[in-house]
Amino acid sequence: MKNIFNKIQSKINSLTIRTKTAVAAAVDNTRAEGFVDTGVKIIIAVVVGAVILGGLYALFNTVILPRLNTEIGEMFNYAG
């Protein structure tokens, strides 16, 4: 009986040590993310946002607002 408990305790201890080393390795891993990577991501996000806003601005100025003015003008045209 004592032998079984010793085996169980040994397995639990080895599992604990293995888990502890795996967690420590994962926390200490700094290869994937750096300052340059974060900066590039921010620059890409800003550029994509600027392109989207520029496209919306051009769309509103050339298509939507002139048509809106025409539609509103026609709506209030009581003569015809």
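How many positive and negative side chains does the protein chain have, and how far apart do the centres of the two sets lie? I looked this up in a predicted model. I counted 8 positive and 5 negative side chains.

**Fold**

I went through the secondary structure next and found two helices and zero strands in the protein chain. The radius of gyration came out at 33 Å, whereas the globule rule gives 12 Å for 80 residues, so I put the chain down as more spread out than a compact globule. I also took the extent of the C-alpha trace, which is about 105 × 35 × 10 Å along the principal axes.

**Surface**

I checked burial across the 80 residues, and buried residues make up 0% of them. The protein chain exposes about 7,500 Å². I noted that carbon and sulfur atoms supply 71% of this area.

**Salt bridge**

How many salt bridges does the count come to? I got one. The side chains that meet in it belong to Arg67 and Glu71, with 3.7 Å from N to O. I placed both residues in helix H2, which covers residues 35-75. Arg67 and Glu71 are four residues apart there, so about one helical turn separates them.

Is Arg67 buried or exposed? I read a relative accessible area of 56% for Arg67; the cut-off for exposed is over 50%, so Arg67 is exposed.

Methods. Residues are numbered from 1 along each chain as its sequence is written. This is a predicted model: local features need pLDDT of at least 70, side-chain atom pairs count only at pLDDT 80 or more; totals for chains, interfaces and linings use all residues. Side-chain values use heavy atoms; hydrogens and water are left out. The radius of gyration is taken over C-alpha atoms; the globule rule is 2.2 Å times the number of residues to the power 0.38. Buried means under 20% relative accessible area, exposed over 50%, partly exposed in between (1.4 Å probe, protein chains only). Accessible areas come from the Shrake-Rupley method with a 1.4 Å probe; for residues, only the protein chains shown count as cover. Lys and Arg count as positive and Asp and Glu as negative; His and the chain ends are not counted. The place of a charge is taken as NZ of Lys, CZ of Arg, CG of Asp or CD of Glu. A salt bridge is a side-chain nitrogen of Lys or Arg within 4 Å of a carboxyl oxygen of Asp or Glu.
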